[in-house]
Amino acid sequence: MASDGINLTHQFLIAMPGMLDGHFAGSVVYLCEHNAQGAMGLVINKPTDITLGSLFEKVDLSLPDEALAAQPVFFGGPVQTERGFVLHEPLGADTPGFASTLAVPDGLAMTTSKDVLESVAAGHGPQRLLVTLGYSGWGAGQLEDEIGRNGWLTVPADAALVFDTPIEQRYQRAMQLLGVDPRMLSQEAGHA
């Protein structure tokens, strides 16, 4: 649990329209972990100009699936941008795990070890995945403070938005999960 008792693990953070931070303006972040020490997530709607095919080549792997090879690698956040993070569907009980996977309770899984890429290259890895360079991180209480200052909206995550929704529609669709039209949102925090 986070410091104020809320747990936003397996939720989307949706940047408010007034977000000025260039890393996060217009972003949808999938939260992989949120506890008293802080939060960690991956931006799911900011593609880079790197394709999965070229990323796999850089780590001496080939990706025979042309559709998968053409998918973009995403900017996951400003922390450790030299490292890859693979957000994927949870593995089945009969599937061997990977060396470094964080299983998000009731959600997706995030793997940082190269064996997930090797498994995908061999054709038996996760079928649905999103690869990022870097991640988004918040220290203890920092995310709660940003939410309190009207920086983010939160909504329970939906895997279909991560894997099946066209990139350019992810922000709007995340807002729709809340039943919100972003054009109607104020950039100012209100106090009663």
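The side chains of Arg149 and Asp145 form a salt bridge, with an N to O distance of 2.9 Å; the term denotes a side-chain nitrogen of Lys or Arg within 4 Å of a carboxyl oxygen of Asp or Glu. Arg149 is exposed, at a relative accessible area of 54%, whereas Asp145 is partly exposed at 41% (buried, under 20% relative accessible area; exposed, over 50%; partly exposed, in between; 1.4 Å probe, protein chains only). The model is predicted: local features require pLDDT of at least 70 and side-chain atom pairs count only at pLDDT 80 or more, while totals for chains, interfaces and linings use all residues. Residues are numbered from 1 along each chain as its sequence is written, and side-chain values use heavy atoms, with hydrogens and water left out.

Across the whole structure, 3 salt bridges are found. In one of them, Glu89 pairs with Arg128 at 2.9 Å, N to O. Glu89 is located in the loop between strand E6 (79-88) and strand E7 (101-103), and Arg128 in the loop between helix H3 (115-121) and strand E9 (129-139), so the contact ties together parts 39 residues apart in sequence. Helices (H or I, at least four residues) and strands (E, at least two) are DSSP runs numbered from the N terminus. Both residues are partly exposed, Glu89 with 27% relative accessibility and Arg128 with 25%.

Arg128 also meets the side chain of Asp164 in a salt bridge of 2.7 Å, N to O. This pair links distant parts of the chain, 36 residues apart, with Asp164 in the loop between helix H5 (159-163) and helix H6 (170-178).
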